[in-house]
Amino acid sequence: MSEKYSNTFLERWMNNSLSEEELAEFKNSVEYPLYQKILDKSSELKVPVYKKEALFNKVQEKIALKKKAKTKPVFIKWMYGAAASIAILIGLFYFQNKSTIYSAGTGEQLAVVLPDNSQVLLNANSSVSFNKNKWEENRNVELRGEAYFKVEKGSKFSVETSQGTVAVLGTQFDVISDLGLFEVHCFEGRVQVENKQQQIILTEGKAFRQIEGKASENWNFSTKKPSWTTGESFFKSTPLKYVIKALESQYNVTIKSSGVDLEKRFTGIFNHKNIEIALQTVFVPMKIHATLEDEKTVLLVKQ
Amino acid sequence: MHQDKKSVCQPKIFENVFHTQSETLRNFMYYKCGDMEKAEDFVQESFIKLWDNCAKVAFEKAKSFLFTVANNLFLNYVAHKKVVLKHQKEGAKNYTHENPEYLLEEQEFMEKLKNAIADLPEKQREVFLLIRIDKKKYSEISELLGISIKSVEYRMSSALQALKKKIKNI
């Protein structure tokens, strides 16, 4: 039996977008009462009662349990005897797998020395984590944000980010992985960059960039160190939104924009000392009017 | 660039997301698998996943993250049960023509309706019930399930057609 009223017709009926004539005709049809009744009666149906609080408590318990297992070191009084030794064994097991995290807050930079004397310099709002106990087996760090690495020669050293992995033998390089931006500069030696789409090798003075998984860019540069390690941030045709992000991280401000094209590319430098000068150096050439509303807020308006 | 500072990592906000989303999520999972215990397990697991990933999931994306995670959990879970719904006892005042025969007919209709709903394909059932029972809007369902409004409308009208056919044939 084919249906007299099509899906599209019913959709329009439920959306109240039938014309008056259509509706009147439909209401007179044999089918109408049953359709209407199904809708009416189905909204009288009930699911079993929901005990929201109880479920939320369960979720919180589980989260709390997990937290403890991950980070709490185990302190135990000796009087608990045998039970304690078992607990210590378990504690050691967790300890073994615990990773060490270093992070630099807004406007900060942090130098970290890894167990093999390799150095990591973290830019603002960035963090690295690694497993101390497994360091000899694999030199593996996870990175959020931007960092400059000076790697001691040795086994493969890899930096994992959400957007790809950078692996090297012994070299100096800079990695940015931030909200869809993945950028690597190689300052010494050779670096292998790998993500879902491709695998390439960068040599000294070569840089690689990919934005939101689109086509990648390569270019050469001649500086010996990342600019941000010497008190300023350099950008080479970088979409404005990432420059704004860097300004926010550096100066701990919120930058609001209206009607500004955030995809427009910016090439240039801003310094880390004076926010007003930094804002001018970035936004004046971009023909954007930047004003400090208060200490924490910057407003951008197109000129 | 103005960034919303609301982060799911803040316990207050996390709790708030739970209060506003968990019931729909639970019902949604129930409409899918028909097992309330399992549905609530899925809700728990999804919220724990959300907490674990709170730094990566933007506040605005939390809803659809939850629904995607729960849906994936469901896909990994094989044993489906039949969806059993209850229905409200009708308030006597609403009806003037209430006689035993009428009540019996209504009772029968409700049984038919519930059976027909239980027999719907899962995708039609979840949309139909989210709209009829949870009173969700098409646009909201489209956001939660990551499908277009057109698809929501289509699932809804297909469900209605299927229910009508089924009830008529019984």
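## Disulfide

A search of the whole structure, a predicted model, finds one disulfide over all chains. The bond joins B:Cys9 and B:Cys54, with sulfur atoms 2.0 Å apart. The torsion about the S-S bond of this pair is about 100°, so the disulfide is right-handed.

B:Cys9 lies in the segment before helix H1 (11–33) of chain B. B:Cys54 sits in the loop between helix H2 (36–52) and helix H3 (62–75) of chain B. The pair therefore ties together parts that are 45 residues apart in sequence.

B:Cys9 has a relative accessible area of 27%, so it is partly exposed. B:Cys54 has 10% relative accessibility, under the 20% cut-off, and therefore counts as buried.

Two further cysteines are buried. A:Cys186 has a relative accessible area of 0%. B:Cys33 also has a relative accessible area of 0%.

## Chain A overall

Chain A holds seven helices and 19 strands. It has 303 residues, and 42% of them count as buried. Consider contacts in chain A with a separation of 6 or more: residues 24 or more positions apart account for 41% of them. Chain A exposes about 17300 Å², and carbon and sulfur atoms supply 53% of that area.

## A three-stranded sheet

One open sheet in chain A has three strands in the order E16-E19-E18, with mixed pairing. Its edge strands are E16 (254–258) and E18 (288–294) of chain A, each pairing on one side only. From one strand to the next, the twist averages 25°.

E18(A) pairs with strand E19 (residues 297–302) of chain A in the antiparallel sense, over six bridges. In this pairing, A:Thr291 has A:Leu299 in E19(A) as its bridge partner.

## Helices on the sheet

Two helices of chain A are described here. H6(A) packs on the sheet and touches E16, E18 and E19 of chain A. The direction of H6(A) makes about 150° with that of E16(A). Helix H7 (residues 275–283) of chain A also packs on the sheet, where it touches E18 and E19 of chain A. The direction of H7(A) makes about 155° with that of E18(A).

## A:Glu248

A:Glu248 lies in helix H6 (residues 240–251) of chain A. Is this residue buried or exposed? Its relative accessible area is 7%, under the 20% cut-off, so A:Glu248 is buried. The side chain of A:Glu248 reaches the backbone nitrogen of A:Ile255 at 2.8 Å.

Definitions and conventions
Residues are numbered from 1 along each chain as its sequence is written. Chains are lettered from A and ligands numbered from 1 in the order in which they are written. This is a predicted model: local features need pLDDT of at least 70, side-chain atom pairs count only at pLDDT 80 or more; totals for chains, interfaces and linings use all residues. Side-chain values use heavy atoms; hydrogens and water are left out. Helices (H or I, at least four residues) and strands (E, at least two) are DSSP runs, numbered from the N terminus. Buried means under 20% relative accessible area, exposed over 50%, partly exposed in between (1.4 Å probe, protein chains only). A polar contact is a pair of N or O atoms within 3.5 Å; within protein, one must be able to donate a hydrogen and the other to accept it, and residues adjacent in sequence count only if both atoms are side-chain atoms. Contact means heavy atoms within 4.5 Å. Accessible areas come from the Shrake-Rupley method with a 1.4 Å probe; for residues, only the protein chains shown count as cover. Two strands pair if DSSP finds at least two bridges between them. Axes are lines fitted to C-alpha atoms, for helices over the stretch in contact, and angles run from 0 to 180 degrees between N-to-C directions. A disulfide is a pair of cysteine sulfur atoms within 2.5 Å.
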